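Please open the model in your viewer and keep the selection panel at hand.

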Amino acid sequence: MRYLRARPQWLVTIAAIIVVVVTWAAATWGGLVSDLLLPTPDELWSGGLDLMLNGYKGYSLGGHIGLSLLRVGLGFGIGTILGTLLGLLMGVSPTIDALAAPFIEFLRPLPQLAYLVLLIVWFGIGETPKIVLLFLAALPVSAVAARDGVRNVSPARVLAAKSLGASRAQIFRHVVLPSALGEIFIGARLSIGIVYATLIAAEMIAGSSGIGWLILDAGRFLRSDYVVAGILLIAVMGIALDRLLILAQHRIVHWAGR
Amino acid sequence: MSDLLIPTRRQLIAGAAGLAAAAALPLRPARAAVPTINIGYFIETKPTMIAKAQGWFEDEAKAKINWIEVASGAQINAGVVGGSIDIGIGIGSSPTAAGLSQGIPYKLIAMLDNIGAAEEMTVRASDNIKSPADFKGKKLATPFGSTSHFRLLGFLKTNGLSLSDVTVLDLPPEQIVAAWARKDIDGAYVWSPAKAKLLADGGEVYKTYDVLDEKGYVIADLIIARDGFAQPHPEAVVGLLKAYGRALDLYTSNPTEASAVVGTAAGVSAQVAEDNLKEYDFVPLKEQLTAKWLGTPGKPGAFAEQLQHTAEFLVEQKSIRKSRDLAVYQKGIDTQYLERAVA
């Protein structure tokens, strides 16, 4: 046991990945699983290569990735900024909280697909409904995170600042905001996850571009090679986005956890 | 503890005998009892809805039926691969051609209709679109993966138009109607009732089907049967086709009564059902057994070539990996059930 425990963690990770890949290769090459359900490694390789070199139905692979990132970026960016601002206001002012809370609480658990058709009727079939959908996914999560962040500021710190003669604006700027930033970032990471998960739904709207649409469209004809290549790509993009946020968090809230 | 877990030799022998008996069991009663048939179907204005509403499918197949509503032929393909759909009614020729090319274990056993003019390009009359060149810069919508999508791409290809000349959007029929009302699209390739709604709302037909049919872009709605179901239960499959034959006879002899039943089953008025039904060319079962369509067992008809051509086109579109030899599509058509159903 001690011998095993001494092994570095990454070795276990790599061993797990190797086991999955070997099982997959054996199952598909061995003919145990039809290539309609899962591609063989060489089919996946050539499918992925084909996507990279020749693109997919009207756009290059970079074009699909770029459009997806643009939608996620705009929806998440606008949603998180406005959501955080709203959340901060809600945290500071009980009146604004009472005003906005029912709508935020209503929107937060709502599955995005529920209002997909309405968005098409209201905003048409261009980029607007897609970005609005992602925006609505990001907004409530970041609003709630920012509000809770403000509420969880230790009253002792606020009182201390007050007794030192700080104005309301100064307390907000130097005490409340820095304390809430940690939760705001946690909210942002939650929200990028939700936005990213909503991307496929967004690209269902009159799609012909984006990685989410590519996966849906390839799935229509059981093109498992493109589907799996798309899934791997979308997963890597998701991990990269999350890591970017963690990086930003460490730079901006460098004092957190110390 | 341990002596409970390790079986004795006697227990082992008894267990092995039990397993062998269990393995042998399904061999005998397979023909006797037909299990519940899982049928994937579309809610549409077709005579099949009469047979469904009247319970004729159950009567003729002598089995219970589990009706699974699908939204696309792709779902039928996926259902057959996963074993959850035994029969697919109304699947289009392009998903069928894709499925046969990919080796999905099913056979085309009969046709519902030759789609002909029923799926057609509708354009905004005020856009004044009169020639293929007028389509440049226009936005067209169609449900991707459908027979309409196949025809639309065929129209673009045969007229030297590319996807950079024309924007083609993927929308389901009801959303096409919404996008049309908002003037977000200039045209659509779709079927009724969506097509009828566009025509009533400032649309006009831009005829493409006659030329496309001649150039090998024939589209049809079909019935498929999963091998794993049809082979052990041929009687049930014949029964299902007999039920459809009865419904088709009723529609031919008494279209008004038939339309009323179809309308109720599909959730539209009898008038709408009648108008929609008129757009399709429902090929009589006997005629399906001629060389022009499916042919007979051992003598496959011309439709196999249509399926192959469709598959080749789908390869160009990157929808499927490869098309197959004509023989694969000929073997993919199994008319033995149909032949017995009309006998």
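Begin by selecting Phe155(B) and Tyr206(B): both residues are buried, where buried means under 20% relative accessible area, exposed over 50% and partly exposed in between, with a 1.4 Å probe and protein chains only. This is a predicted model, in which local features need pLDDT of at least 70, side-chain atom pairs count only at pLDDT 80 or more, and totals for chains, interfaces and linings use all residues. Residues are numbered from 1 along each chain as its sequence is written, chains are lettered from A and ligands numbered from 1 in the order in which they are written, and side-chain values use heavy atoms, with hydrogens and water left out.

**Confidence and overall dimensions**

Colour chain A by pLDDT, the predictor's confidence in each residue from 0 to 100. The mean for chain A is 89, and 96% of its residues reach 70 or more. Within chain A, confidence is lowest in helix H1 (residues 2-5), with a mean of 56, and highest in helix H4 (residues 61-92), at 95. Helices (H or I, at least four residues) and strands (E, at least two) are DSSP runs numbered from the N terminus.

Now display chain B as a cartoon. Its secondary structure comprises 18 helices and 13 strands, and its C-alpha trace spans about 85 × 45 × 45 Å along the principal axes. Of the 343 residues in chain B, 52% are buried.

**Aromatic pairs**

Rings of Phe, Tyr and Trp (its six-membered ring) pair if their centres lie within 6.5 Å; planes under 30 degrees apart count as stacked, over 60 as edge-to-face and the rest as tilted. Over all chains, 15 aromatic pairs are counted by this rule. Select Trp213(A) and Phe144(B): the ring centres are 5.9 Å apart and the planes stand at 75°, so this pair is edge-to-face. Trp213(A) belongs to helix H10 (residues 211-220) of chain A, while Phe144(B) lies in the loop between strand E6 (139-142) and helix H7 (147-158) of chain B, so the pair joins two chains. Trp213(A) is buried, with a relative accessible area of 1%, and Phe144(B) counts as buried at 10%.

Return to Phe155(B) and Tyr206(B), whose ring centres are 5.7 Å apart with planes at 75°, so that pair is edge-to-face. Phe155(B) lies in helix H7 of chain B and Tyr206(B) in strand E9 (residues 203-206) of chain B, so the pair ties together parts that are 51 residues apart in sequence.

**Charges over rings**

A charge sits over a ring if NZ of Lys or CZ of Arg is within 6 Å of the ring centre and within 35 degrees of the ring normal. Select Lys46(B), which lies over the face of Tyr280(B) at 4.5 Å from the ring centre. Then select Lys52(B), which lies over the face of Trp67(B) at 5.2 Å from the ring centre.

**Sheets of chain B**

Two strands pair if DSSP finds at least two bridges between them. Five strands of chain B form an open sheet in the order E7-E6-E8-E5-E9, with mixed pairing. Strand E7 (167-170) and E9 are the edge strands, each pairing on one side only. From one strand to the next, the twist averages 30°. E6(B) and strand E8 (residues 187-190) of chain B run parallel and are joined by two bridges; in E8(B), Gly187(B) stands opposite Leu140(B).

Next, select strand E3 (residues 87-92) of chain B, where six of six residues are buried. Three bridges join E3(B) to strand E1 (residues 37-41) of chain B in parallel, and Gly40(B) stands opposite Gly88(B). Five bridges join E3(B) to strand E10 (residues 220-226) of chain B, and these two run antiparallel; Gly92(B) stands opposite Asp221(B).

Select helix H5 (residues 73-82) of chain B, whose buried residues include Ile76(B) and Val80(B). Just after H5(B), Gly83(B) takes a positive phi of about 80°.

Finish at Asp165(B), in the loop between H7 and E7 of chain B. Asp165(B) is partly exposed, with a relative accessible area of 24%. Beyond its neighbours within four places in sequence, Asp165(B) is in contact (heavy atoms within 4.5 Å) with Phe135(B), Lys136(B), Gly137(B), Lys138(B) and Gly160(B).

Definitions and conventions. Axes fitted to C-alpha atoms, helices over the stretch in contact; angles between N-to-C directions.
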